[in-house]
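I wanted to know how the parts meet and what ties them together.

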There are 2 protein chains.
Amino acid sequence: MRKNRMFSREVGKSVIGVMAVAALAWGSQALAMEPLPAQPPVPADNPLSAAKIELGKMLYFDPRLSIDGTVSCNSCHNVMTNGTDNRPVSVGVKGQKGGRSAPTVFNAAFLSAQFWDGRAATLEDQAKGPILNPIEMGMPSEAAVLDRLNNIPGYVAKFAEVFGGDKALTYDNLAKAIAAYERTLITPNSPFDRYKRGDENAMSEQAKRGMKLVEEVGCTACHNGPNFAGPALPTGQGFFQKFPTNQNSGYVKKYDLMGDTGLHSVTGKDEDKFMWRVPTWRNVALTAPYFHNGSVKTLEEAVRVMADTQLNKSLSKKEVADIVAFLNALTGEIPAQTLPVLPQPVNMSVVGDQ
Amino acid sequence: MRKNRMFSREVGKSVIGVMAVAALAWGSQALAMEPLPAQPPVPADNPLSAAKIELGKMLYFDPRLSIDGTVSCNSCHNVMTNGTDNRPVSVGVKGQKGGRSAPTVFNAAFLSAQFWDGRAATLEDQAKGPILNPIEMGMPSEAAVLDRLNNIPGYVAKFAEVFGGDKALTYDNLAKAIAAYERTLITPNSPFDRYKRGDENAMSEQAKRGMKLVEEVGCTACHNGPNFAGPALPTGQGFFQKFPTNQNSGYVKKYDLMGDTGLHSVTGKDEDKFMWRVPTWRNVALTAPYFHNGSVKTLEEAVRVMADTQLNKSLSKKEVADIVAFLNALTGEIPAQTLPVLPQPVNMSVVGDQ
């Protein structure tokens with residue numbers, strides 16, 4: 001049964017590039033719950049450097065990447081609030097609501113495909129999207145973004161320092177810098193990680209019971225690997241799952257779980273209907289509300305919903321509490337950061353009265 | 001003539017408390033341009049402490065103080081972009097535009113009255129306003145704010161640590177903590193400050209010419225003292241000025257400078273028509289666009305407008321450039337800060353789908 005429900009998909013550079021890949025038979029290795037590695041994978045064409053990370057952080061926090069200067073990457077993926085905005089769906093420029101709940105940026109570097117529907121293969125590809133999305137940051141074109149940054153001498157100098165040459169300030173390089181910063185946003189040393197590394201007292205007894213339960217109940221069929229979002233696949237091979245599988249669950253109607261067709265909304269293919277990239281469990285205690293539409297307010301209810309919609313199981317109150325205790329043991333340490341000071345043009349603003 | 005145009009006003013705890021005070025004859029001391037003191041005044045009933053400043057910083061950055069969880073104090077008074085949003089007027093919840101341009105929070109601690117119209121006597125009073133303003137942060141009541149914070153255990157503990165007792169989490173204490181943080185937002189060591197302290201090479205020759213010009217032209221009649229916003233008056237005695245005084249200036253119509261009656265819009269008194277608290281010159285090179293309605297895009301034009309509307313003078317291109325060079329010498333050092341991590345409730349969010 002598991003083989004029928006789990007997919008790994010190659011996600012190309014764009015929506016068009018989505019390719020179906022035969023379901024894989026996961027070895028027990030791939031299914032294990034694992035501690036978070038100290039470093040995420042880094043693509044060969046975008047090596048990390050301190051200067052690049054610093055530039056990426058500036059861009060990540062810069063609301064001038066939105067048409068009216070009000071929305072930055074950090075507005076919805078707020079690193080001060082666990083990488084998300086804790087809203088059902090996010091709010092972009094001009095008060096417009098998006099269709100999906102903002103996934104946390106923390107540990108996104110470990111995912112092999114980005115966005116709820118996995119339509120971006122890399123963090124670099126992902127970073128390019130919201131800036132140009134009319135209901136998110138609303139910039140009309142890549143050229144308009146570059147035009148703004150070219151009017152900010154501090155950015156011109158920083159891009160030249162990081163990427164070299166006289167064509168350093170490009171949209172590709174902007175995305176590379178943001179992705180480099182995002183690769184620093186990982187949360188090690190959760191109680192679970194410390195437990196796995198040998199500290200038997202790092203998790204409560206209740207959390208340990210929950211850890212056994214998520215395997216027995218079947219949750220870890222999908223939520224496994226270091227990020228509890230499926231195995232660590234090569235970049236672009238997203239780990240997808242159909243949700244909901246038990247479409248007769250009362251929760252489906254209650255929380256409108258089929259109002260969005262997931263990957264199908266990108267590819268238009270029937271086989272992609274209700275297929276979603278498996279989201280991480282890390283820091284899930286702090287990223288309410290839950291699901292792609294943010295319709296479920298508490299983690300307890302999210303556990304009940306998942307058991308019923310995916311595994312056709314009804315959990316006891318105690319089982320739910322134990323699983324929630326385990327999920328709380330996946331809260332890691334937010335990396336300490338300095339507050340960036342963004343480069344600024346003198347005697348003028350690059351934002352008008354949009 | 002100066003005596004007729006300049007006012008110091010006692011601004012009470014609320015709008016209602018505004019009292020006219022006779023115009024004062026300023027001594028030469030009060031009119032001097034002065035370096036920024038290392039510390040701003042601190043009210044006796046709100047002493048600074050590290051824990052209080054830390055709490056205030058969390059609150060300052062917390063978008064959950066707005067009805068839909070999208071707008072924090074920092075959204076409009078962004079300490080990453082020189083304490084403002086560099087927009088003509090700010091954008092609050094649900095994409096609503098405010099009526100005035102966000103003044104910088106940097107060095108606001110040196111002002112003796114807050115808001116463009118000076119209607120708040122203290123930083124504490126000011127902090128209480130935008131949270132409850134329907135077009136800014138939109139919370140319906142103080143009780144609703146406290147209800148949210150009471151659902152975040154980390155805040156409950158922090159308020160108790162800072163303010164003690166079992167009634168530590170109050171709206172007054174929230175404002176006190178935010179004000180304490182804001183008193184750390186000062187920008188020392190501008191080229192002007194270093195020059196005044198004896199470093200003759202800290203300012204360019206052009207900036208030195210500009211420094212003489214602002215006195216000769218008459219700008220420093222109002223823009224004086226350590227904050228270039230009038231003398232350091234006792235808290236609540238705002239330093240007000242009529243703007244525009246030369247109402248026949250072509251700039252008045254061009255930039256709609258009389259579309260807002262300033263203090264009069266608060267008190268309804270005829271004598272308060274077009275009276276405004278004198279804004280700071282510090283970091284003015286980085287806080288475009290200019291004026292209460294943010295209608296003027298560049299500092300050069302702002303200098304021309306002020307000379308014409310306030311002093312009935314037309315400056316040469318060279319004079320404008322010299323004055324702008326001096327104003328650029330008032331850019332200080334932004335204090336280094338760590339990024340706060342905001343306390344969070346587990347397994348739930350305190351923000352709904354507003």
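**Ground rules**

I am working with a predicted model, in which local features need pLDDT of at least 70, side-chain atom pairs count only at pLDDT 80 or more, and totals for chains, interfaces and linings use all residues. Residues are numbered from 1 along each chain as its sequence is written, chains are lettered from A and ligands numbered from 1 in the order in which they are written, and side-chain values use heavy atoms, with hydrogens and water left out.

**Entry 1: domains of chain A**

I looked up the domain assignment of chain A. Domain 1 covers 13-19 + 27-38 + 187-328, and domain 2 covers 50-182. Such bounds come from an automatic or database domain assignment. The C-alpha centres of the two domains of chain A lie 26 Å apart. Domain 1 of chain A puts 36 residues into the contact, and domain 2 of chain A puts in 25. Contact here means heavy atoms within 4.5 Å.

Next I took the area. Between domain 1 and domain 2 of chain A, about 2,400 Å² is buried, and carbon and sulfur atoms give 58% of it. Buried area is the accessible area (1.4 Å probe) that two parts lose on being put together, summed over both.

Then I checked charges. I found one salt bridge between domain 1 and domain 2 of chain A. The term asks for a side-chain nitrogen of Lys or Arg within 4 Å of a carboxyl oxygen of Asp or Glu. Arg100(A) and Asp260(A) form a salt bridge through their side chains, at 2.7 Å, N to O. I also counted 12 residue pairs in polar contact between the two domains of chain A, both residues at pLDDT 80 or more. A polar contact is a pair of N or O atoms within 3.5 Å; within protein, one must be able to donate a hydrogen and the other to accept it, and residues adjacent in sequence count only if both atoms are side-chain atoms.

Which elements supply at least two residues of the side of domain 1 of chain A that touches domain 2 of chain A? They are β2 (237-242), α12 (264-267) and β3 (275-277) of chain A. Helices (H or I, at least four residues) and strands (E, at least two) are DSSP runs, numbered from the N terminus. On that side of domain 1, β2(A) gives the most, with four residues.

**Entry 2: chain B against chain A**

I moved on to the chain interface. Chain B and chain A bring 45 residues each to the contact. They bury about 3,500 Å² between them, with 56% from carbon and sulfur atoms. In chain B, Met80(B), Leu339(B) and Asn347(B) lose the most area to chain A, together 22% of what that side buries.

I counted four salt bridges between chain B and chain A. Asp353(A) and Arg87(B) form a salt bridge, with their closest N and O atoms 3.5 Å apart. The interface of chain B and chain A also has 21 residue pairs in polar contact, both residues at pLDDT 80 or more. On the chain B side, α13 (299-311) and α14 (317-328) are the elements that give two or more residues.

**Entry 3: links within chain A**

Salt bridges over all chains come to 33. I picked out Arg209(A) and Asp322(A), which form a salt bridge with closest N and O atoms 3.0 Å apart. Arg209(A) sits in helix α10 (residues 205-217) and Asp322(A) in helix α14 of chain A, so the pair ties together parts 113 residues apart in sequence.

I found a cis peptide bond joining Ala288(A) and Pro289(A), with omega about -5°. Pro289(A) lies in the loop between β3 and α13 (299-311) of chain A. In chain B, the peptide bond from Phe243(B) to Pro244(B) is cis, with omega near -5°. Pro244(B) is in the loop between β2 (237-242) and α11 (250-254) of chain B. Asn189(A) is not a glycine, yet has a positive phi of about 65°. I placed Asn189(A) in the loop between α8 (171-182) and α9 of chain A.

**Entry 4: Thr261(A)**

Where is Thr261(A)? It is in the loop between α11 (250-254) and α12 of chain A. Thr261(A) and Asp117(A) are 144 residues apart in sequence and 9.1 Å apart in space, C-alpha to C-alpha. A polar atom of the Thr261(A) side chain lies 3.3 Å from the backbone nitrogen of Ser265(A).
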